Every structure is written in structure tokens, then in C-alpha cells.
Amino acid sequence: MEKDTNLVADVPLTPDRPHYCMTARYHSGDENGKSCAKFAALVLSKEAREAGYEDVWLVFEDYVVMKESSSVLDCSAKPAVVIASREHTGDENAKTYYQLARVMAQKRAGMDEKPTTHCCVADNFIEVTNEKESKANWVESEGRVIVGRTHTGDENGKTVTRFAKIYILDEREGKRYPLELANVKEMKECKESDSDFRVDSPPIGNTFSAWAAPAFDQEWINHAWVKSALPDDRFRCMGGTDAKYFIADFAVDQKAYKVMDACRGTKDCAGILLYGIQGVCHQMANRFIFPVTGRHMKRNNKHPKGYIISTSVYGLKGTWYTTWYATKVLPAMKKFKAESMSQEDMDVVAYDIEKELEGLQKDIASLFEEVGINVPAGSIRDAQKEWLLRREEIMKKYNILAADGSMVEPVSLTAETVRAMMEEVIKAQRVFLATVRDKIGLDNFRIFNDDEDEIQDIIDVETALHFYFD
């Protein structure tokens, strides 16, 4: 998103080392108004070169994420930290992402010495105050870089931008040497609500991590949830966020968080509005992971417990996944210009028992292979179909399955009907599990049932009541 302006004469830069930091910013109007920025390369001054310094560059630090309407960015002065990129999508309630970087310099080797690396410091600060962000226009200070910014409210709120000059600090000699700015680049003008300004800073990356912890205060069944590293946030999947058992890390694009944050749903249910009918927390966790990675959770040291059973009755991503994907995920991906990592059949958006059975068979086959159950997944196909038929009867009985196969949101359910519905679901699942035990044999069933001989319930009436009414 840049255009070269060469407002300052070209200065050779060390290849493969980042040098550019933000020096100015322009904004006019609201989130749909015009936004722009300038970046410049930090280079050695004549005094620094004469003192023996031969290079200066940036070392990337962690990303900083904040809500734009209450943003406070205050970069370190010693060592000097500058802004290597800024990204914002949405209005004042959305998040702004900053890539920060330390400024480092290298002094050439003297006689019988090795080259030395020196940190830099920020000094000679100036603050520029704009009473209204919407009328800020260009905000800059000659020879200085941006090292801080505070903003409150919407486009009519006040913004204070802090600038500083950067110096090499030679603590051994007790001296400091100024750096200069060169090769100024003015970014391509865009909407503030879709702005991403950088020169040699890499795209912002992220990691989603799946975690598990005991559910229902029991060790034989686990609650699963997903953590985002950037920003540090939790998709709690209708429960707590106790990080007792690590499941897996998933590398994702930075936009993945924005997409899934927009698709959270009530209690971070990821579109699973019917707990115990569509799925449980295991399916919710996979819904946060799969669209942006193309991968699902795999068990790690037998965790999350209950995952094989829940997959056998709900699949890896739960019922009506494609409906949620088409109506929630795809629009969010379009909004944030994110790439989908999965390809879904968008023609299959209504409940169809044969399609559902086909999906259950495919999903459980992958888990049978993963955990070493030595019978074909087809051996439980009839049991899965009987479960689906019984579940369909329950959904129709409680008016949550429309005639066209779409889901009816549970707005009219009472505590009494939820309790009765869950008791029927639990009974149907017990019948299913008893049949599975007969079909695959006790040794395989122990693997299927997380080392338990007896049938265990993977849903809980009190948890259901909490989900629907708290």
C-alpha cells in the first residue's frame, strides 16, 4: 500500500534488514474517511559514521493491540522503540494493531576487537494535539518519528501524537549520536476502516491454541476451548478457560482473529445455538479453528476426553455447520479480506439425514485411524443412523427443526422443556453407545470411551440449562 515519493535522497540500506518506521499520519472524517501515513528509513548521521558506526536497523518486538476508541500507545524511550506498521479495520470500537521494533546500531571493529552492537534512545519529544481526530489531516514533526499516540472516542474525539528523535547511545564513551530519516515513502491513501500501513515489516501473524480442562467437575470428560495469541483473547466455547491440557497450536493469518471474533455467537458458541443437539464445546472449538486453518483438533495424550464420542454423534464441526459458514464466516472473511482455508459445499445448508450420516462416517473414520480402533467406521454406521433418526424426532417434537430442514432458534424453550429435551437426548445417546460397544468389542470400546468400560454421558442437563438461560 505504498507509493515512492523520494522526498529525501536515496540512502543505501542493508539488504534483508528492516529500517522503516512511521513518521507521519493523515486522517480526515470518520472510519470511512481518508487515511494515510508516511514511513522513513532510519539511517546513520555524519556524526555517527565518523564515530565508527556502520549500520542501523530495526528488531521487531511483539505486536500491540488495542481498541481504537480508548487507545494508548507509549513506546519505550530506552531502548528506543518505534512503529513499524499500523493496521486498523472497522470503526472506533474495532482493534488497531501496531508492530513495534527496537532500533539497533552496529559499530565497526577496532584493532583486535569485534564489532559492537548498541541500543538507541528516544529524546527531544514533541506532542501534537488534535481536538478532533476527524480534522487531524497531516500530523508530523520534521526529523522525528512517531513514538506514541492516545485517542479517545470516535472521530470527534481528541488525539495526541508523540514524536521523538532517535540517537545511538554509546554508554562506554558516554556519548550519543543522532540518526537521520531518509527515503521517505508516502502510503497509498485508503479508508481508515480498511487501512494497513507498512514498508518492510512482515504481515502480522497469529497463533490459535486449543486447550482442554475437566468438564462437569469430572476427569473422564473434558471441556475444550481456543486461545488467540494476538490479541491475547479466549474463545471460551460456552465454558471456562482453564488451560490444564494443551491440545495443539495452529498458525493462522492475523486476519483470522478478526474473522472468528465476528462469528463468536452467544457464549462463544460459534453458531451452535442448540447445545446437546448440534454439538458441544468440542465442535465449537473446531468451528473456531477449521475455517481459518483447514484443520481440526487431534487428541493429545488422550485429551480432550469425550472427543471421540462427541465426534461420533455430532461430527467434527457440529450440525448445520455449512449454514453457519455461509451466513456468518464467509461474510466476515469478505469484510476483512481474509482467505478461507476450507472449501464447503454451499448447496448443503439444510438438515438432511443422509448427508449428516455421510459426514459422521467420514469424521469418525479419521478418528478411528488416529487412535488405533481396529475395526472399520462402517461397523457403527447403523447405530449412527438410529441416533440421527431419534434426534430428528426430538428436534421435531420440540419445534427446533423446520419443515425445510433449517434450524429454529430456541427462543421459546422453557427450563422445563430444556430439561425434558436433554433427558431424551441423553437416553438416545446411551442407546447409541451401548450399540457401539456391542459392534466394536470391549477392547475397542475402551479406546472409544477414553479407557472407561461403562457408558458415560457427554452432555449434562445443568450445563444445558446454564447455556440456554444464563
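How many helices and strands does the protein have? The protein contains 10 helices and 18 strands, where helices (H or I, at least four residues) and strands (E, at least two) are DSSP runs numbered from the N terminus. The structure is a predicted model, in which local features need pLDDT of at least 70 and side-chain atom pairs count only at pLDDT 80 or more, while totals for chains, interfaces and linings use all residues. Residues are numbered from 1 along each chain as its sequence is written, and side-chain values use heavy atoms, with hydrogens and water left out.

The confidence of the prediction is expressed as pLDDT, the predictor's confidence in each residue, from 0 to 100. The mean pLDDT of the protein is 91, and 95% of the residues score at least 70. Residues 1–9 have a pLDDT below 50, and beyond near neighbours in sequence this stretch makes 28 contacts in the model, a contact being heavy atoms within 4.5 Å. Where pLDDT is low, the predicted coordinates should not be read in detail.

The C-alpha trace spans about 85 × 55 × 35 Å along the principal axes of the protein. The accessible surface amounts to about 21,100 Å², and 47% of this surface belongs to carbon and sulfur atoms; accessible areas come from the Shrake-Rupley method with a 1.4 Å probe, and for residues only the protein chains shown count as cover. Of the 470 residues, 51% count as buried, with buried meaning under 20% relative accessible area, exposed over 50%, and partly exposed in between (1.4 Å probe, protein chains only). Among contacts with a separation of 6 or more, 71% are accounted for by residues 24 or more positions apart.

Cys119 is located in strand E8 (residues 116–130). Because its relative accessibility is 23%, Cys119 counts as partly exposed. Not counting residues up to four places away in sequence, Cys119 touches Pro79, Val103, Met104, Ile168 and Leu169. Gly174 lies 55 residues from Cys119 along the chain, and the C-alpha atoms of the two are separated by 13 Å.

Helix H4 (residues 307–314) is mostly covered, since eight of its eight residues are buried. These buried residues are Tyr307, Ile308, Ile309, Ser310, Thr311, Ser312, Val313 and Tyr314. They pack against helix H3 (281–293), helix H6 (353–371), helix H7 (381–397), H8 and helix H9 (442–448). Just after H4, Gly315 adopts a positive phi of about 80 degrees.

The loop between H4 and helix H5 (321–336) contains Trp320 as well as Thr319. With a relative accessible area of 1%, Thr319 is buried. Its contacts, not counting residues up to four places away in sequence, are Ile277, Gln278, Arg287, Tyr314, Tyr351, Glu356 and Arg391. Trp320 counts as buried because its relative accessibility is 8%.

Several backbone geometries were also examined. Most residues other than glycine have a negative phi, and most peptide bonds are trans. Trp320, which is not a glycine, has a positive phi of about 65 degrees. Asp451 likewise shows a positive phi, near 70 degrees, in a residue other than glycine. Asp451 lies in the loop between H9 and helix H10 (461–469), and counts as partly exposed because its relative accessibility is 48%. The peptide bond from Leu230 to Pro231 is cis, with omega near -5 degrees; Pro231 is placed in the loop between strand E16 (218–228) and strand E17 (233–235). A cis peptide bond also joins His303 and Pro304, with omega about 0 degrees. Pro304 belongs to the loop between H3 and H4.
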